[in-house]
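Reader: I have a structure open here and I'm new to it. Can we go through it in short questions?
Author: Go ahead.

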Amino acid sequence: GRNYPTASSAASKQKPASENLEPVPKLSRKYGRTEGMAVDGDKAVLSSFQCYARQQIEFFEATDRDVALGARGRNNPISLGQVGIRCRHCAEEGPNNRGRGAVYFPTKYKLV
């Protein structure tokens with residue numbers, strides 16, 4: 001018959017836990033973070049429709065994909081990490097598959 005490994009034979013071949021540790025990679029800047037536009041205090045100052053609309057919108061950082069795809073009607077190129085505003089439902093769609101205004105990259109932070 002076949003010799004299948006047993007728990008005791010597998011345990012004897014395992015390295016001590018200290019030898020299984022791999023070096024931790026250095027942290028690098030990762031773009032693509034998102035944050036919903038809606039906040040807890042919205043209900044106190046906005047209508048129910050405005051609250052609903054804000055729940056459908058997110059702030060995001062442009063990724064390599066966003067830079068490569070560009071945005072329809074934009075004169076200036078999109079920069080990696082640039083903050084944009086978009087419909088959360090259209091986030092994965094390419095420029096030709098999303099509605100006009102689904103993604104917006106303000107030219108100045110004060111416009112965000």
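Reader: Among contacts between residues at least 6 apart in sequence, what share joins residues at least 24 apart?
Author: That share is 53% in the protein chain. Keep in mind that this is a predicted model.

Reader: OK. How many helices and strands are there?
Author: The chain has five helices and four strands. Starting at the N terminus, the order of elements is α-α-β-α-α-β-α-β-β.

Reader: What do the strands form, and in what order?
Author: The four strands make an open sheet, ordered β1-β2-β3-β4, and the pairing is antiparallel.

Reader: Which strands stand at the edges?
Author: Those are β1, residues 34-36, and β4, residues 103-104. Each has a single partner strand, so one side of each has no neighbour in the sheet.

Reader: What holds strands together in general?
Author: Strands of a sheet pair through backbone hydrogen bonds, in either a parallel or an antiparallel way.

Reader: Back to β1. How many bridges does it have with β2?
Author: Three bridges, in the antiparallel sense, with β2 covering residues 57-61. T34 has F60 of β2 as its bridge partner, and G36 has E58 of β2.

Reader: And how many bridges join β2 to β3?
Author: Five bridges join them, and the two strands run antiparallel. Strand β3 spans residues 83-87.

Reader: You mentioned F60. Which residue in β3 stands opposite it?
Author: That is G84. What share of the residues is buried?
Author: Of the 112 residues in the protein chain, 23% count as buried.

Reader: Which residues make the nonpolar surface patch?
Author: Y31, V67 and L80 make it, and the patch is about 230 Å².

Reader: Where is V67 placed?
Author: V67 lies in helix α5, which covers residues 64-69.

Technical notes. Residues are numbered from 1 along each chain as its sequence is written. This is a predicted model: local features need pLDDT of at least 70, side-chain atom pairs count only at pLDDT 80 or more; totals for chains, interfaces and linings use all residues. Side-chain values use heavy atoms; hydrogens and water are left out. Patches are made of residues with over 30% relative accessible area and no salt bridge: like charges are joined within 9 Å, nonpolar side chains (Val, Leu, Ile, Met, Phe, Trp, Tyr) within 5 Å. Accessible areas come from the Shrake-Rupley method with a 1.4 Å probe; for residues, only the protein chains shown count as cover. A salt bridge is a side-chain nitrogen of Lys or Arg within 4 Å of a carboxyl oxygen of Asp or Glu. Two strands pair if DSSP finds at least two bridges between them. Buried means under 20% relative accessible area, exposed over 50%, partly exposed in between (1.4 Å probe, protein chains only). Contact means heavy atoms within 4.5 Å.
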